[in-house]
Amino acid sequence: MLLSISLISTQISAKKIATLSGDQVVPPVNTKATGHATFKHPDSTTMNYKVSFTGIIHPTGIGVHMGKTGSNGDLIVDLMKQAKSQSTNGTMIVTGSFTAQDLIGPMKGKTILELVDSMKSGDTYLSVDTEKHPTGEIRGQLELAHPPNTDMINTSGNENQKVIE
C-alpha cells in the first residue's frame with residue numbers, strides 16, 4: 001500500500017517580528033516612543049517589511065543590525081534606503097522590500113535565507129535612530145512570530161511529496 005503525504009513547511013512564509021522600545025536600546029533610552037516591525041520573505045530572494053512607530057517624527061535611520069539582546073552590532077540592512085513612509089494620527093509607517101544585493105556589513109555577499117537564519121537564531125535587531133539618539137531611540141530583537149512547524153496532510157498532490165511504503 002502506498003500512502004502519499006505532503007509536507008508543507010512554514011519556513012519561507014514565516015513572519016519575523018519585533019516590538020520596539022527604548023528599554024531595549026543599549027544603553028537603555030528613556031523615551032515614550034514605541035513601535036512594531038514585521039518581516040516576511042515570500043520567496044528566497046526578497047524580504048518585505050513594515051515598521052510602524054509612534055513618538056518619533058523624523059527618524060535619521062531605520063535598520064536591521066547584527067547583535068543579540070543586550071549587545072550592539074553592525075548595520076546589515078538600511079531600511080530607509082528604499083522605504084516608502086506615511087504618517088497618520090501620530091504613527092509613522094515605513095514599508096518596503098530588499099534583496100541580497102542590499103545586505104551590507106557582515107551580511108554582504110550572503111543570501112536572504114542566510115539573513116533569515118540569523119533572524120531565527122536571535123542574532124538580529126531593528127533600530128530606529130534619531131538625531132538625539134543616533135545609535136537608536138527604540139529597538140527590538142527580531143524573532144519568529146510563531147515557532148516553525150510542519151503540517152502533514154494526506155494528499156495525492158506532488159508538492160514536497162514523501163512516499164511511505
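Leaving aside its neighbours within four places in sequence, which residues is L115 in contact with? They are M47, I76, V77, F98, L103, M107 and T124, where contact means heavy atoms within 4.5 Å.

## What you're looking at

This is a predicted model, so local features need pLDDT of at least 70 and side-chain atom pairs count only at pLDDT 80 or more, while totals for chains, interfaces and linings use all residues. Residues are numbered from 1 along each chain as its sequence is written, and side-chain values use heavy atoms, with hydrogens and water left out.

## The overall layout

Follow the sequence along and you get β-β-β-β-β-β-β-β-α-β-β-β-β-β.

Take the contacts between residues at least 6 apart in sequence: 66% of them join residues at least 24 apart. Of the chain's 165 residues, 38% count as buried; that means under 20% relative accessible area, with exposed being over 50% and partly exposed in between (1.4 Å probe, protein chains only). The accessible surface is about 9400 Å², and carbon and sulfur atoms hold 52% of that. Such areas come from the Shrake-Rupley method with a 1.4 Å probe; for residues, only the protein chains shown count as cover.

## Inside the core

Now for the largest nonpolar core, which has 28 residues. A core like this is a set of buried Ala, Val, Leu, Ile, Met, Phe, Trp, Tyr and Cys residues joined through side-chain atoms within 4.5 Å. L115 is back again here: along with F39, V51, F53, L79, F98 and L126, it is listed as having the most contacts inside the core.

Elements that each supply at least two residues of this core include β2 (16-21), β4 (46-54), β8 (91-99), α1 (112-120) and β9 (124-129).

## Two charged pairs

The structure also holds two salt bridges, each a side-chain nitrogen of Lys or Arg within 4 Å of a carboxyl oxygen of Asp or Glu. In one, K68 meets D123 (2.4 Å, N to O). K68 sits in the loop between β5 and β6, and D123 in the loop between α1 and β9, so this pair ties together parts that are 55 residues apart in sequence. K68 is partly exposed, at 44% relative accessible area.

In the other, D102 meets K81 (3.9 Å, N to O). Because D102 lies in the loop between β8 and α1 and K81 in the loop between β6 and β7 (84-88), the pair ties together parts that are 21 residues apart in sequence. D102 counts as buried at 14% relative accessibility, whereas K81 counts as exposed at 56%.

Technical notes. Helix = DSSP H or I, 4+ residues; strand = E, 2+ residues; numbered from the N terminus.
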